[in-house]
Amino acid sequence: MVTPTPISTPMLSDTPNPMPTPIPLPASAVVSAATRRSMLRHDGRHLYWLEQRPEENGRGVLMRWSASTGNEELLPTWFNVRSKVHEYGGGEFAVRDGALLFVAEPDQQLWLRTASGDLRALTEVSQPPRSIRYADMCWHPGGEWCYAVRERHHDQDVINELVAVSLTGAIQVLASGADFYATPTVSPDGMQLAWLQWSHPLMPWDGTQLQRANLRQPDSLLDSAEVAGGATESVLQPLFAGNNQLFALSDRSGYWQPGVVLANGWQPLQIQSAEAQPETSADAFAHNEFAVAPWSLGTRTWCVTDGGDIWLIGSVNGFQQLWRLSPEPDGTYRAAPQHFSQTAPTSESVCCLAPHLAVAGDAVFVLASATDQPERLMALQPGRDSQQCLTGTVAWPADVMITPAKSVMTEVAGRKLPFFFYRPAERTRCPLLLFCHSGPTGAASPALQATIQFWTSRGYAVADVNYRGSDGFGRDWRQSLLGHWGEYDVADCLAVVDSLIRDGAVDPDRIYLRGNSAGGLTALHMLAASGRIRAAALRYPVVDLVRLAAISHKFEARYLHRLVGAGGSDEQRLHQMSPTSIFPLIKTPVLVQQGEQDPVVPLAQAQQLVASLQGAGVDHELVVHTGEGHGFRRADTLMAALAAELAFFSRHA
């Protein structure tokens, strides 16, 4: 694995060696590469995971692999495994001794697949459908009970709880009163239960409480107490080790780091180095971010083996690395990064890891990609330099040139601003397409992305900016956007455009924007602030904060207020920072694409924007995709959306 070295923007203007004209990557190849895998879980001889397949209308498919049987689907084709808790879902299944609990669309109920393959509903279908939802399950060691997050929708109220569910269908509420619950986990001896909870106005990356209780019975708690976290500390991914010791990740140091819960609360692990210069390895470890902002449930970036080793996925400057912590007799841990070369086949390639990890003995299972290689599900045995690809790789067209990401740091007002830059090798002043990532507590990734290659193979340079507020750069960077959404993110994105123009890397007369969801708000403010943007393509953009705050789903009900610095009822600040307030300043052609059934950013937001553009005589286009929600999932939609963007930008070339 190659450690990325940020380069300064002046290097971007170096004249590249002449290369042949690239062959455009077809939209069908983008769709073929769009299968998303998540939720790696190991049980017995098998590895389990979830696949979301665009070619099957976004269906969630439960998969299983073993060395003897290979890959196999576990459920009939009419099952779509997907949770809608928090609207973003995640945590869709749990497995123990071959028995699977999973959440099914469209009823959102818990289903059981026994080790012998029998299927039955575990909970009753609610009326109306989806009014009761489940996610983030875990099994009690006895195998007769499980624990889950339950979300009940009743009229205008949404109630989240932690519940115990028996195999007979009996349900017992274990914890209630907080706005949100996540990540129930049981000690191996079945005597303790730990979970996370938090309440408005916080998001889980702002502050959470880690609770621990004794289990008098599988469905009865005793002596529940807060053992870590708070309003200014985000604790994530609690887990019990084989000795019933509770561990968790905390951002108390400024980065999500591993620690153990003792009588006096959470304490960071004491790290020494396995290398010749201890301070080098320990310092590198301390600046890793070992978690991601939990927009969805069920992410797992670390595991503890039965032998006490700890495996973690860390992130620095947007790149990931696998770490191994080995326990020492004195209670400290030796930290060593794990290098595996075949996932990164060239000297310039850098490995990227998705936030999903599972371990079994000395085998580690990861979703690994690289800056020049698509994602693959890998089984690694780093100590023996052995690895195996468990999923078929994407059939990348042989004649399509790959443009890998370059990690760039530009100086803005005395601070470093990170972004990833993709420039077609044969171009020096090509058109620029700037990506505004969603969230806005999201992140730009350098992993090979077919969507970006769709544009670079057509001669566009792409800049993907980790502006202030982005995930993966520590708590200070993540929190820095609060109160300034629509300001700092816009300033940072425009600074990247200015630096690339100044260095001669792109054509100043052909600057384009692409923004999804929250990135749509950033893009719209950029259009109002700068007259040099040629055209913008937005998907389900945030347009009217006042209206959106009034109808927002529970998970994000107070998020908008914190982002723009508004009080609970401060509509003036919400209006001031809404794109609606700067509609008259937008003169740039805009393409808007929207899911008809979007519960997060409703269709009315896109219609409001389009009505304003039409009234002002600004060139625009609205494409509404039937049957889609927030984030397009179906193959035909993904194809149509790319075709619409390409046609729109070509019209404004």
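**Rings, helices and a proline**

Tutor: The charged end of R478 sits over the ring of W256, 4.0 Å from its centre. This is a predicted model, in which local features need pLDDT of at least 70, side-chain atom pairs count only at pLDDT 80 or more, and totals for chains, interfaces and linings use all residues. Residues are numbered from 1 along each chain as its sequence is written, and side-chain values use heavy atoms, with hydrogens and water left out.

Student: What makes a charge sit "over" a ring?
Tutor: NZ of Lys or CZ of Arg has to be within 6 Å of the ring centre and within 35 degrees of the ring normal. R458 is another case, lying over the face of F454 at 3.8 Å from the ring centre.

Student: Why is the pair W295 and F555 called edge-to-face?
Tutor: Rings of Phe, Tyr and Trp (its six-membered ring) pair if their centres lie within 6.5 Å; planes under 30 degrees apart count as stacked, over 60 as edge-to-face and the rest as tilted. By this rule there are 23 aromatic pairs. The centres of W295 and F555 are 6.2 Å apart and their planes stand at 70 degrees, so the pair is edge-to-face. The two are 260 residues apart in the chain.

Student: What about W295 and Y559, why that name?
Tutor: Their centres are 5.6 Å apart and the planes are at 75 degrees, so this pair is edge-to-face. W295, F555 and Y559 belong to one aromatic cluster, along with Y88, F180, W198 and W205.

Student: How do you know how α5 and α6 are oriented to each other?
Tutor: Helices (H or I, at least four residues) and strands (E, at least two) are DSSP runs, numbered from the N terminus. Axes are lines fitted to C-alpha atoms, for helices over the stretch in contact, and angles run from 0 to 180 degrees between N-to-C directions. Under 35 degrees is roughly parallel, over 145 roughly antiparallel, 65 to 115 roughly perpendicular and the rest oblique. The axes of α5 and α6 come within 9 Å and cross at roughly 65 degrees, so α5 and α6 are roughly perpendicular to each other.

Student: Why does P54 count as buried?
Tutor: Buried means under 20% relative accessible area, exposed over 50%, partly exposed in between (1.4 Å probe, protein chains only). P54 is at 2% relative accessibility, so P54 counts as buried. P54 lies in the loop between β3 and β4.
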